[in-house]
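Here is a colleague's note to read beside the sequence and the model. Please keep the structure in view while you work through the points.

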Amino acid sequence: MDQAKPKPKLETWAAVTVAFIGAVFFATLCSSMLPQTRAHDFLCFYTGGVLAKTDPSHLYDGAVQSKIEYQLAPEIPVVTPYVRPAFWALLYIPLTWLSLKGAFAVWVGFGILTAFAIWYWAFRRFGSEALVYCAFFVPLGFGIAHGQDTAFVTGIAILAFCALERGRKVLCGVLLAFLLWKFHLFLLVPVVLLLRKEWRILAGYVPSALFAIAISVAMASPQSYIGLLRDPKFEAVHPSPELMVNVYALAINFGVDYPITRILLILGVLATVVLMPKTASADRWFWGAIAGGLLISPHTFGYDVAYLLAPILKNVCDAGAAPALRWISALAVVPFPYFMTLLPMPFSAGPALLITVLFLAICWPEWFERRAVSTAPEGALG
């Protein structure tokens with residue numbers, strides 16, 4: 001009897017089908033958001049590119065930004081100012097060669113392509129089931145739909161970790177410096193690198209960071225940047241704090257928002273990262289530093305959780321992981337927790353509480369490992 005030809009893996013095709021359905025569902029859901037986000041989140045990036053090209057010295061001039069945004073989109077109810085470091089405004093200049101509408105289409109298109117590249121990496125790393133998790137992972141999709149740079153920052157974080165795994169630590173440091181694109185979310189990264197004496201990573205990180213900072217200072221004064229952040233007339237700079245995904249949202253939602261409470265919560269996050277054993281694997285301290293940075297940042301939106309996609313997939317796709325670890329990671333994948341911000345307090349603290357527990361699971365997985373022992377070697381993502 002002739003040997004039967006190997007059949008395509010049923011589970012792979014099933015995963016691809018479910019992922020496709022999930023992608024279509026979220027694309028349909030998010031399509032109605034695009035006109036609004038084009039004149040909100042993306043508009044500030046486009047405005048930053050316009051000023052970087054024409055008048056970088058007024059990059060953080062609120063009056064100038066307002067004038068440009070109202071000229072580009074007269075229908076906007078409020079101005080969303082450009083508040084990213086000046087160096088990264090240079091990256092938006094090519095978009096200004098197109099109209100606002102055309103540039104937004106290109107921006108979203110590149111965001112989608114980057115997301116699919118992340119999906120492909122997840123498929124190669126964790127198997128076909130990762131496609132399903134990626135398809136229903138709200139933060140990544142909603143970040144793109146909001147006109148944000150979520151997919152690009154997520155991709156850089158994953159590339160940096162992959163470089164670290166391959167022993168290319170200087171390259172890892174250079175890539176980590178690119179995360180200064182959203183520096184307020186990655187404040188713990190240089191701290192952890194110093195504490196763990198990762199000199200080769202710092203050899204790439206420090207020069208790259210100093211270069212970006214020098215360019216930023218040369219383009220626009222730090223005083224104008226700070227002044228823009230403190231200007232109360234820009235409502236978009238001061239979002240609803242109870243809806244953030246950080247420790248401050250926990251304090252607000254549970255009625256204990258006092259200075260001492262905030263200090264204790266921040267110290268708790270720092271202690272969780274700092275006290276990790278010296279022998280902790282790279283995936284623990286690397287992703288722990290990023291997760292901790294999200295929790296102590298004053299402005300952490302739901303779509304920023306996308307930066308933790310890699311450690312989430314590691315736990316949820318590892319059949320040998322402790323059940324508690326898999327359940328926590330599974331909750332971080334499904335959409336429901338992120339929509340809890342639509343509920344009244346204290347239920348709106350759902351995402352912040354979930355990511356806090358996920359942070360603990362990343363830094364101290366042994367606290368959650370009571371029955372099962374991971375089949376994957378420590379330090380490997382998948």
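The numbered points below take up pockets, a cavity, helix contacts and a salt bridge in turn.

1. This is a predicted model, in which local features need pLDDT of at least 70 and side-chain atom pairs count only at pLDDT 80 or more, while totals for chains, interfaces and linings use all residues. Residues are numbered from 1 along each chain as its sequence is written, and side-chain values use heavy atoms, with hydrogens and water left out.

2. The largest pocket has a volume of about 1400 Å³, and of the 45 residues that line this pocket, Asp-41, Pro-239, Met-244, Phe-301 and Tyr-303 are the closest to its centre. On a 1 Å grid over the protein atoms alone, a pocket is an open set of points with protein on both sides within 12 Å along at least five of seven lines, a cavity is a set of points where a 1.4 Å probe fits but cannot get out, and lining residues have an atom within 4 Å of a point. Grid points are joined across faces, edges and corners, and a volume is the space filled by probe spheres set on the points.

3. The elements that give two or more residues to the lining of the largest pocket are helix 2 (34-38), helix 3 (41-54), helix 8 and helix 13 (222-230), where helices are DSSP runs (H or I, at least four residues) numbered from the N terminus. By class, this lining has 28 nonpolar, 12 polar and five charged residues; Ala, Val, Leu, Ile, Met, Phe, Trp, Tyr, Cys and Pro count as nonpolar, Asp, Glu, Lys and Arg as charged, and the others, Gly among them, as polar.

4. The second largest pocket, of about 440 Å³, is lined by 20 residues, and Ala-23, Ala-27, Ile-112, Gly-141 and Ile-144 lie nearest its centre. Helix 8 gives the most to this lining, with six residues, and the classes come to 18 nonpolar, two polar and no charged residues.

5. Which residues line the largest cavity? They are Leu-176, Val-189, Val-192, Leu-193, Trp-285, Phe-286, Ala-289 and Ile-290, around a space of about 60 Å³. Helix 16 gives the most to this lining, with four residues, and the lining has eight nonpolar, no polar and no charged residues.

6. The axes of helix 8 (residues 138-145) and helix 9 (residues 150-165), which are lines fitted to C-alpha atoms over the stretch in contact, with angles running from 0 to 180 degrees between N-to-C directions, come within 8 Å and cross at roughly 135°. That makes helix 8 oblique to helix 9, because angles under 35 degrees count as roughly parallel, over 145 as roughly antiparallel, 65 to 115 as roughly perpendicular and the rest as oblique. Pro-139, Leu-140, Gly-143 and Ile-144 in helix 8 meet Thr-150, Ala-151 and Thr-154 in helix 9, contact meaning heavy atoms within 4.5 Å.

7. Helix 15 (residues 259-274) and helix 16 have axes that come within 10 Å and cross at roughly 175°, which makes helix 15 roughly antiparallel to helix 16. Here Ile-266, Val-269 and Val-273 in helix 15 meet Gly-288, Gly-292, Leu-295 and Ile-296 in helix 16.

8. Lys-182 forms a salt bridge with Asp-149, the closest N and O atoms being 3.8 Å apart, where a salt bridge is a side-chain nitrogen of Lys or Arg within 4 Å of a carboxyl oxygen of Asp or Glu. The pair links distant parts of the chain, 33 residues apart, with Lys-182 in the loop between helix 10 (169-178) and helix 11 and Asp-149 in the loop between helix 8 and helix 9.
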